[in-house]
Amino acid sequence: MAIIENSLLGQISGRIGELVYYRRCGKTCVRRYVEKSVGPGTELQQQQRRRIRSVSVFYQALKAVGLKEIWNRAAKEVCVSGYNLFVRLNIHVFSARGLITDFSRIRLVVGRLPLPDMLQVRRLSPGILSVKWELKSCYSPKRQADVLVLAFMKSESVYTIRLAECGDVCRAACEARIELPEALAACPHCYCFFKSPQDGEVSESRYFNLNV
């Protein structure tokens, strides 16, 4: 990749001969055009395609529950799209068959807010969760208003994400008792994070296996 500084060429985009011009982070860049293969490819290439297809479906599930903007926000800092950042951070968690290999390594969201100390999520009954945490670390008063978010998944091959209704449980509460609808009660995979109600910034997500 090369970056064009010449103002006469700074606004062009598209393919010219063997070169492709495109905009990135406010600058015009150029790369050599690569012809895409239309054949089945090698076994390794097919495996990678299965991974990418699965990651793409997973990302669509994120969009469906409103988590796309979180990735777009984080991606601006590294000058890529939210989708490309999600792929970069998560594709290694998918197997050659396109299945999730380790739910605890999935980056469901990415952000700079702190997670609370000693965060725990456990199932009290099929439809009720207990969420507890501590505030041993020093937080600004603004962080006390961050709200709890819980997301659920059912299996390694069905990429449907559902968010629980947590009300306005904030960081300062240090605990929550969440009643789950029937559709979520059977989901074993739970991700917990906190979100600022002021600007939408989030913490990293933390995984909990509710069947353990």
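**Figure 1. Overview of the predicted model.** The protein has 4 helices and 11 strands, where helices (H or I, at least four residues) and strands (E, at least two) are DSSP runs, numbered from the N terminus. This is a predicted model, in which local features need pLDDT of at least 70 and side-chain atom pairs count only at pLDDT 80 or more, while totals for chains, interfaces and linings use all residues. Residues are numbered from 1 along each chain as its sequence is written, and side-chain values use heavy atoms, with hydrogens and water left out. Of the 212 residues of the protein, 41% count as buried, a term that means under 20% relative accessible area, with exposed being over 50% and partly exposed in between (1.4 Å probe, protein chains only).

**Figure 2. Close-up of the largest nonpolar core.** A nonpolar core is a set of buried Ala, Val, Leu, Ile, Met, Phe, Trp, Tyr and Cys residues joined through side-chain atoms within 4.5 Å. The largest one has 31 residues, of which F58, L62, I100 and L108 touch the most other members. At least two residues of this core come from each of α1, α2, α3, β7 (147-153) and β10 (189-195), and α1 gives the largest share, 5 residues. Leaving aside its neighbours within four places in sequence, L62 is in contact (heavy atoms within 4.5 Å) with residues including W71, F86, L108 and I161. A second, separate core of 22 residues includes L115, V131, V169 and I178.

**Figure 3. Close-up of helices α2 and α3.** The axes of α2 and α3, which are lines fitted to C-alpha atoms over the stretch in contact, come within 8 Å and cross at roughly 90 degrees, on a scale from 0 to 180 degrees between N-to-C directions. The two helices, α2 and α3, are therefore roughly perpendicular to each other, a label used for angles of 65 to 115 degrees. On the α2 side W71, N72, A74 and A75 take part, and they meet G82, L85, F86, L89 and N90 in α3. In helix α3 (residues 82-90), the buried residues are G82, L85, F86, V87 and N90, and their cover includes α1 (43-64) and α2 (68-76).

**Figure 4. Close-up of strand β9 beside β6.** Strand β9 (residues 175-179) has a covered face, formed by A176 and I178, and an uncovered one, formed by E175, R177 and E179. Strand β6 (residues 128-134) runs antiparallel to β9 and is joined to β9 by 5 bridges, where two strands pair if DSSP finds at least two bridges between them. Opposite I178 in β9 stands L129.

Note on methods:
Angles under 35 degrees count as roughly parallel, over 145 as roughly antiparallel, 65 to 115 as roughly perpendicular and the rest as oblique.
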